Amino acid sequence: MELAMIGLGRMGANMTERLVRGGHRVVGYARSAESRQRAIQGGGEAVASLQEVMTALRAPRVIWLMIPAGAAVDQTLQTLLPLLSHGDTVVDGGNSYYRDTLRRAALLSEHGLEFVDVGTSGGIWGRTEGYSLMVGGHPNAVSRLRPIFQTLAPGADRGWGHVGPHGAGHFVKMVHNGIEYGMMQALAEGFALMKRKTDFHLDVRQIAEVWRYGSVVRSWLLDLTAAALQQDPELANVVPRVADSGEGRWTVFEAIDLDSPAPVISLALLERLRSRDEYAYADRLLAVMREQFGGHEVQRAKP
């Protein structure tokens, strides 16, 4: 098959390379020449405008978006709409909010266009290991794209699936990332606890390796944790600030909306927010409260 890859960041470029290796023709587009070069290095083609994308592909076209969630997706779709033809398919492989996906699918349907949402997991390792793909959309559109999904996934019959109608792919990916927050937080807290038990002189690098084999908690996240600890077990130069890209928040909002308890995911999100509190005002206020009611000592910075 042939398709366009719109957005040639690291993940988009890696997906392009995997698709080309699988026998697909990929025409890449990004605004910067440096990004377009990534598509060429991966064996694909590159063009300098969305208009050139349209002329480079045969109808019906497949346009795969790998761009940041939010306004960038809407802006790209508005630019694409007058260029697309009846029967073309737009795939959003980014981490879009599923409610936005429902709105976009309705918009494209009004113009006779197919829209498929693909929650994509695999990060930088997907290039060699394959991507987990959670696909939402009409069955006919999904069936048409099957060869692409089979190439991107770890195997033709595993690691990908049509999970439901429009929005379902991004909804499932949202929950996936919420679960990821909780798993990462649990691993981080456990290793921090072992680091604090100084009288045992625990080697967290060794323990991570032990847990990787046969343990109930063995996982890809643990593999990545072990690799990071092998490189720098003290993490002394790492700034303790953890970002979030939105999926955890959306998962918590949805849990509240559906009256579905999700305390672990919620707390993991709050811990990420806490890591960014440079002034830690709440902690300072707690300290002075203890001083006020109990006379407990407060450590104050020297002027």
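User: What should I know before I start?

Analyst: The model is predicted, so local features need pLDDT of at least 70, side-chain atom pairs count only at pLDDT 80 or more, and totals for chains, interfaces and linings use all residues. Residues are numbered from 1 along each chain as its sequence is written, and side-chain values use heavy atoms, with hydrogens and water left out.

User: Where is Val 20 placed?

Analyst: Helices are DSSP runs of H or I, at least four residues, numbered from the N terminus. Val 20 belongs to helix α1, residues 10–21.

User: Why does Val 20 count as partly exposed?

Analyst: Buried means under 20% relative accessible area, exposed over 50%, and partly exposed in between (1.4 Å probe, protein chains only). Val 20 counts as partly exposed because its relative accessibility is 23%.

User: Which residues does Val 20 contact, leaving aside neighbours within four places in sequence?

Analyst: Contact means heavy atoms within 4.5 Å. Val 20 touches Val 26, Gly 42, Gly 43 and Gly 44.

User: How many aromatic pairs does the structure hold?

Analyst: Rings of Phe, Tyr and Trp (its six-membered ring) pair if their centres lie within 6.5 Å; planes under 30 degrees apart count as stacked, over 60 as edge-to-face and the rest as tilted. The structure has six such pairs. Tyr 97 and Tyr 98 form an edge-to-face one, 5.5 Å centre to centre with 85° between the planes. Both Tyr 97 and Tyr 98 are buried. Ring pairs join Tyr 97, Tyr 98, Phe 171 and Trp 250 in a cluster.

Conventions: Helix = DSSP H or I, 4+ residues; strand = E, 2+ residues; numbered from the N terminus.
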